[in-house]
Amino acid sequence: MKACGRRCRAGRVPLISLGVTTSSRVTWEATLNTTTLHPRRLPPRGTQLRGLFVLALLAALLGPVPSAAGSAPPRHDVVTWATSAFRLGTGVPDRAYRLVVHTSAGGDRMRVRLSNAFGDRPLTFDSVYAGIQREGAALVPGSNRRLTFGGRTSVTVPPGGLVYSDPLPGRVRARTNLVVSLHSPDAAGPATGHRLAMQTSYVTQGDHTADETAAPWTRSITSWFYLDAVTVRTPVRTGAVVALGDSITDGWESTTDLNRRWPDYLSRRLQHSLATTVRGVANAGISANKVLADGASPSALNRLDRDVLSHPGVRTVLVFEGVNDLKAHTGVTAEDLIDGYRQLTDRVHAAGHCVVAATIAPFKGWPEWDPEAEAVRQEVNAFIRTGGLFDAVADFDRAVRSPDDPESIRPAYDNGDHLHFTDEGMRAMADEVRLKDLECASGPGR
C-alpha cells in the first residue's frame with residue numbers, strides 16, 4: 001500500500017467498553033482515532049531524497065520527539081461518591097443488595113470500596129457487579145460488569161477492614177446513577193452500612209447480581225449495605241471535597257431519589273465551575289453525629305481517618321457539625337466545641353488538606369432548643385467567622401436564618417421540625433459556599 005497523503009481522512013471508531021452495546025453507551029465510552037488510506041502517485045526519487053535530508057536535519061536540530069505515551073498528562077484517583085458507614089443491623093447469609101449511588105466527578109478505571117468496618121468476623125463477597133441504572137432495579141442493557149479483587153471474583157474482608165476492587169475499564173460520566181450489586185454467602189453478626197440513604201435500593205435472597213432486569217429484586221430498601229465509596233481516575237488537576245456533618249448533611253427530609261442533599265446541590269455547581277477544579281463530592285454525614293462524643297455512630301473526631309482522610313484526591317474538607325453537641329445538653333461549652341474544631345483542623349491540615357467551616361444553623365422550635373444552647377451557638381459561630389482557625393468559612397447560619405427571627409430557620413427552608421431543611425433550604429446552603437474556597441490553592445493553613 002502506498003503512503004498516505006493530503007487526502008487522508010481521520011475517523012472515529014467507537015469501542016465497546018465495559019460490554020455496553022452501541023445503543024446503550026450512555027456512560028461507559030471510549031473512542032479511537034484511525035486513518036483512512038487513499039493511494040496517490042509517488043513524487044520523483046530525487047524529491048523523496050531531498051525530503052529525507054530535510055527531515056534528518058530537523059531531527060538533528062530539534063532532538064528526539066516525545067512519544068504520545070510519554071506526553072500523556074498525569075492522572076490520579078478521586079472519590080466520586082462516598083457515605084459514612086456504621087453498624088446497621090445483623091448480616092443475613094445468601095443475601096444480595098442492588099445499591100444505587102450517584103456519582104459526582106466523571107472519570108475512568110472505576111473502583112468500589114467495600115466495608116466490614118463494624119463486623120466482628122470475616123465477611124466474604126463472592127459476586128460484585130457494577131452497572132448503570134435504567135429505572136428502579138433494572139439496569140441499562142449491557143452495562144452490568146463483574147468486578148474483581150486482585151484478579152479474583154471473590155474477596156474476604158477482615159473484621160474492621162476495607163477493600164477496593166480492581167479498576168474497571170471504561171468511563172463513568174459525572175452525575176450518573178451507578179448501581180453496585182453485591183452478594184455475600186456468609187454474612188452474619190453486625191452488618192456495616194448507612195441507614196439514611198435518601199435513595200431507593202433493592203435486596204433479594206440468592207445471587208442475582210449478574211441479572212440486569214428488575215425481576216428478582218422485589219424488595220426495596222432506603223439504606224446502603226457494605227458499600228462506602230466509589231473512585232474514578234481523573235486528570236491530576238481534578239480534586240474532591242468531603243462534607244463532614246450530621247443528619248442535615250446526610251440529607252434527612254430532602255426528596256428521596258432526587259439527590260437534593262446540600263452536597264448534591266454543591267456537586268451540581270462544581271461540575272462546570274471555572275473557579276475551581278474540584279469535581280468530586282463525598283458525603284460524610286451521619287444522623288445524630290457529634291463532633292466530640294460517640295453515640296449511635298463514632299464522633300467526627302473518631303471517624304475522621306476512615307470517613308474523610310482515607311479517600312483519594314481530597315483537596316478540602318467542609319465541616320458542618322456541632323448542633324447535636326449543643327442540643328444534647330451534656331454541658332458542652334463553646335470552648336469545648338472550638339477545641340474539637342481545632343483538633344479536626346489540625347489533623348486535616350497535617351494530611352495536606354484545607355478546611356472550610358460552616359456556621360451552625362438555627363434550631364429554635366426544636367424540642368431541645370433553649371436560650372443556653374442558643375448562646376453557645378452564637379459564641380461558636382462568632383469564632384467560626386472571625387477566629388482565623390479555618391482556611392475559609394461558609395456562613396450557613398446567614399443563608400438560612402429567618403430575617404424576622406434570626407434564632408429560627410426561614411419558614412420556606414424549614415421542613416417543619418425546625419432543625420432540618422426543605423430542598424430549597426438545602427440549595428441555599430450549597431449556594432453559600434464560595435467555590436474558589438474549595439480549591440485550596442495556597443495550601444492548608446494559609
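This is a predicted model: local features need pLDDT of at least 70, side-chain atom pairs count only at pLDDT 80 or more; totals for chains, interfaces and linings use all residues.
I started with Asp-228, whose side chain makes a polar contact with the side chain of Arg-113 at 2.9 Å. Here a polar contact is a pair of N or O atoms within 3.5 Å; within protein, one must be able to donate a hydrogen and the other to accept it, and residues adjacent in sequence count only if both atoms are side-chain atoms.

Numbering runs from 1 along each chain as its sequence is written, and side-chain values use heavy atoms, with hydrogens and water left out.

**Asp-228, continued.** I found Asp-228 in strand β19, residues 227–235. Strands (E, at least two residues) and helices (H or I, at least four) are DSSP runs numbered from the N terminus. Is Asp-228 buried or exposed? Asp-228 counts as buried because its relative accessibility is 1%; the bands are buried under 20% relative accessible area, exposed over 50%, partly exposed in between, with a 1.4 Å probe and protein chains only. Leaving aside neighbours within four places in sequence, I listed its contacts (heavy atoms within 4.5 Å), among them Trp-81, Leu-162 and His-311. Asn-116 sits 112 residues away in sequence, yet the C-alpha to C-alpha distance to Asp-228 is 9.8 Å.

**The sheet.** Next I looked up an open sheet of 5 strands with parallel pairing, in the order β21-β20-β22-β23-β24. Two strands pair if DSSP finds at least two bridges between them. At the edges I have β21 (278–285) and β24 (392–394), each pairing on one side only. Neighbouring strands are turned by 25 degrees against each other on average, direction ignored. Strand β20 (239–245) runs parallel to β21 and is joined to it by 7 bridges; one partner of interest is Gly-280 in β21, bridged to Ala-240.

**Helices.** I saw α6 (334–350) lying across β20, β22 and β23, at about 150 degrees to β23. Axes are lines fitted to C-alpha atoms, for helices over the stretch in contact, and angles run from 0 to 180 degrees between N-to-C directions. Helix α4 (300–309) packs on α6 at about 25 degrees, axes 11 Å apart. That makes α4 roughly parallel to α6, a label for angles under 35 degrees. The contact includes Leu-301 and Leu-304 of α4 and Leu-344 and Val-348 of α6.

**α9.** Last, I checked α9 (423–432), which is mostly covered, with 7 of its 10 residues buried. Its buried residues include Met-426 and Met-429, and they pack against α2, α3, β22, β24 and α8.

Key: Angles under 35 degrees count as roughly parallel, over 145 as roughly antiparallel, 65 to 115 as roughly perpendicular and the rest as oblique.
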